[in-house]
Amino acid sequence: MFISVDRYNAAEAVAAKSLPNRVIEASGATLFSQVGYPYRAADDNSLWRFTDAMHELGERNSIENLCGGLTEEEFELVKSISTDVLALSSRNFGVKILPKGSLSRAIVAFRLIRALQPSPAVILEIGSGSGYLGALLVKSGYTYIGTDIAQGFYLYQSLLWHELFDSNFRELADEDTTLSDLGALPSGTIVHVPWWKFYGANPDTISLHVDLVTSNHALCEMNRSALGFSSAIGRDLLRSHTTPKYFVCEGPGAGSLRSRGEMQALLAFTGLTHVYSSGEVDIFSPSEYEDQLWLSLSNGNASNSAHDDHGEGSRFNPTEIVRILKKALRLISQPGGIKSLFNRARSYLFGTPLTQLEPDLPRDLEVPQPVSYEIKLPLSASGLAIQEAFASIESEKRFLMADLEEFRKELVGEDNFQNPDEIFMMYSYASDDW
């Protein structure tokens, strides 16, 4: 059943008394504390703030750019969850809130997981956010285990999953059960694990069956010990299978604590091989599967590429080199051109803002893009599975924002429904697309 704020806080306080410092340190919401993001709720009525959190104003980008539109099945799932959440928020909080940015971004990870591990299967998510990936998976026949260190998010997840799945939902913060006590789980079960039972677990005693681990928009934001533990326990839960299993990261999260490259290196250090990288997506697999992870050249394109934190781009080709040389000649033909060319080259190589170096640059000259460093990986079994799965839905009917907005109008009776955080951010950022 759903756990209240008071019961959660009491259980957390009791558990913390028997835990060592480093486990408690791992449970700290490091980035949230750094930037001042509220992650704890004072009472049950305050949980409305976590209904659609962290991806405000990103819905259109997720649906139309990252997904290229929703399939009919995805659209029906979004409509079902939206209807449930509207009823939940009205009943429990007395306000109308719809899952928008958080739910649409969860579709991206949902597609990846379905491509790599069809249901029925057991999925572990580390950092469940507003809980919508779990909802999508369980509604699609998966068994799901979710954990989170942030009290407010955890409690909203508990409320959401209890209301959506009722008797199939297990709240371990309210049980004496530990991870070591979980064996085979009935299909369609959703299990909620508090941080003290996750980071405080003894990995040597866990016999839990897990087919895929995912952590999205969180790995770069974690405490270092939390990242190491999450990576290591993910590795151990996945490496007992006869075929490769995967650790999916749909996005690394904010990079103020560590870069994406550092995150990739730390996962590799714990024995996870980096097998796929595209856009913001990184996929890893235990190194024990090394002989099965890569495909030969005869199976298709030998590599897939992705870019690191320097942004999107591609290697130079001869046409690009000629274009740049022409621009360089044009530049040095003007007064101060040699100095300007030097400054541009320095900006190009080292990322120094041109506005600081050359305030008097002619406005009609294009600014070179930053250097893009590529991660080149051979084509992996995971990469091929994703390509084939995504290709299979190319011909399906797609639903775009206009379709979703029409559905919402029927649901809430108004055009362009906006949640409170969206209203604030649209004003603060002077944009409706963060």
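**View 1. The exposed residue A430 in the segment after α18.** In this predicted model, A430 is exposed, because its relative accessible area of 70% is over 50%. A430 is placed in the segment that follows α18, a helix covering residues 420-429. The phi angle of A430 is near 55°, which is a positive value in a residue other than glycine. As background for this view, most residues other than glycine have a negative phi, and most peptide bonds are trans.

**View 2. The whole protein, as a setting for the close-ups.** The protein has 434 residues, of which 49% count as buried, and it contains 18 helices and 10 strands. Among the contacts in the protein with a separation of 6 or more, 73% are accounted for by residues 24 or more positions apart.

View 3. Two packed helices are described by the angle between their axes and the distance between the axes. Helix α7 (residues 132-139) and helix α8 (residues 151-165) have axes that come within 10 Å and cross at roughly 20°, and this angle makes α7 roughly parallel to α8. The crossing in which α7 passes α8 is right-handed. On the α7 side the contact is made by Y132, G134, A135, V138 and K139, and on the α8 side by Y156, L160, W161, L164 and F165. Sorted by class, this contact of α7 with α8 comprises eight nonpolar residues, one polar residue and one charged residue. In the loop between α8 and β3 (169-171) lies D166, a residue other than glycine whose phi is positive, near 50°.

View 4. The axes of helix α5 (residues 72-93) and helix α6 (residues 101-116) come within 11 Å of each other and cross at roughly 135°, so the two helices α5 and α6 are oblique to each other. Their crossing is right-handed. Helix α5 contributes E73, E74, L77, V78, I81 and S82 to the contact, while helix α6 contributes L103, I107, F110, R111 and R114. The residues in this contact of α5 with α6 fall into six nonpolar, one polar and four charged. In the loop between α6 and β1 (122-126) is P120, which is joined to S119 by a cis peptide bond with omega about 0°.

**View 5. The buried residue E250 and its surroundings.** E250 is located in the loop between β6 (246-249) and α11 (260-269), and it counts as buried because its relative accessibility is 3%. The side chain of E250 is joined to the side chain of H217 by a polar contact of 2.5 Å. When neighbours within four places in sequence are left aside, the residues in contact with E250 are R105, V108, A109, L112, S215, N216, H217, E280 and V281.

**View 6. The partly exposed residue W294 and its contacts.** W294 sits in the loop between α12 (290-293) and β9 (303-307), and with a relative accessible area of 25% this residue is partly exposed. Its side chain makes a polar contact of 2.9 Å with the side chain of E290. Apart from neighbours within four places in sequence, W294 is in contact with T273, H274, V275, P378, L379 and S380. The C-alpha atoms of W294 and S382 are separated by 8.6 Å, although these two residues are 88 residues apart along the chain.

Notes. Residues numbered from 1 in each chain as written. Predicted model: local features only at pLDDT ≥ 70, side-chain atom pairs only at ≥ 80, totals over all residues. Heavy atoms only, no water. Axes fitted to C-alpha atoms, helices over the stretch in contact; angles between N-to-C directions. Helix = DSSP H or I, 4+ residues; strand = E, 2+ residues; numbered from the N terminus. Parallel < 35°, antiparallel > 145°, perpendicular 65-115°, else oblique. Left-handed = near helix turned anticlockwise from the far one by under 90°. Contact = heavy atoms within 4.5 Å. Nonpolar A, V, L, I, M, F, W, Y, C, P; charged D, E, K, R; others polar. Buried < 20%, exposed > 50% of the residue type's maximum accessible area, 1.4 Å probe, protein only. Polar contact = N/O pair within 3.5 Å; in protein donor to acceptor, adjacent residues only side chain to side chain.
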